[in-house]
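This briefing is for a reader who is new to the structure shown below. The points that follow are grouped by topic.

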Amino acid sequence: MFRPPTSPGTSCRVRCRIDRTGALREVGIEQASGNPAFDRAALRAVYACSPLPPLPQGYGGSDLTLHLEF
């Protein structure tokens, strides 16, 4: 992941929703860092991981929402 120059302690939270197959259905910044380049790099990191592994068969929902801290 490309990490743009930031001050120590810079972080953002990305919210994403995946379906049963592991495909991304929604991705967005839930809490911005105040540094747009950092936020874009976090989003790119999530997209780079797609597709994710499928959800376990025992999982009862049709999708899963993740909150990822960068």
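Threonine 10 lies in the segment that comes before strand 1. The model is a predicted one. In this model threonine 10 has 15% relative accessibility, and it counts as buried because that value is under the 20% cut-off.

**Around threonine 10**

- The side chain of threonine 10 reaches the backbone oxygen of serine 7 at 2.7 Å.
- Apart from neighbours within four places in sequence, the residues in contact with threonine 10 are Arg3, Ser33, Phe38 and Phe70.

- Three strands form an open sheet in the order 2-1-3, and their pairing is antiparallel.
- Strand 2 and strand 3 stand at the edges with a single partner strand each, so one side of each has no neighbour in the sheet.
- On average, neighbouring strands of this sheet are turned by 20 degrees against each other, with direction ignored.

**Strand 1 and strand 2**

- Strand 1 covers residues 13-19 and strand 2 covers residues 24-31; the two pair in the antiparallel sense over six bridges.
- Cysteine 16 has valine 27, in strand 2, as its bridge partner.
- The hairpin of strand 1 and strand 2 has four residues between the strands, and in this hairpin glycine 22 takes a positive phi near 100 degrees.

**Strand 1 and strand 3**

- Strand 3 covers residues 63-69 and pairs with strand 1 in the antiparallel sense over seven bridges.
- Arginine 13 stands opposite glutamate 69 in strand 3.
- Arginine 15 stands opposite histidine 67, also in strand 3.
- In a regular strand, side chains alternate between the two faces of the sheet.

**Helix 1**

- Helix 1 is made of 13 residues, 36-48, and reaches 18 Å from its first C-alpha to its last, close to the 18 Å expected at 1.5 Å a residue.
- The buried residues in helix 1 are Phe38, Asp39, Ala41, Ala42, Ala45 and Val46.
- Seen down the axis of helix 1, these buried residues fall within an arc of 160 degrees, so they line one face of the helix.
- Pro36 and Ala48 are exposed, on the other side of helix 1.
- At the start of helix 1, a side-chain oxygen of asparagine 35 comes to within 3.1 Å of the backbone nitrogen of alanine 37.

**Helix against sheet**

- Helix 1 lies across strand 1, strand 2 and strand 3, and runs at about 155 degrees to strand 2.
- The buried residues of helix 1 pack against strand 1, strand 2 and strand 3.
- Phe38 is one of the buried residues of helix 1, and Phe38 is also in contact with threonine 10.

Notes:
Residues numbered from 1 in each chain as written. Predicted model: local features only at pLDDT ≥ 70, side-chain atom pairs only at ≥ 80, totals over all residues. Heavy atoms only, no water. Pairing = 2+ DSSP bridges. Buried < 20%, exposed > 50% of the residue type's maximum accessible area, 1.4 Å probe, protein only. Polar contact = N/O pair within 3.5 Å; in protein donor to acceptor, adjacent residues only side chain to side chain. Contact = heavy atoms within 4.5 Å. Expected span 1.5 Å × (residues − 1). Arc of directions from axis to C-beta. Axes fitted to C-alpha atoms, helices over the stretch in contact; angles between N-to-C directions.
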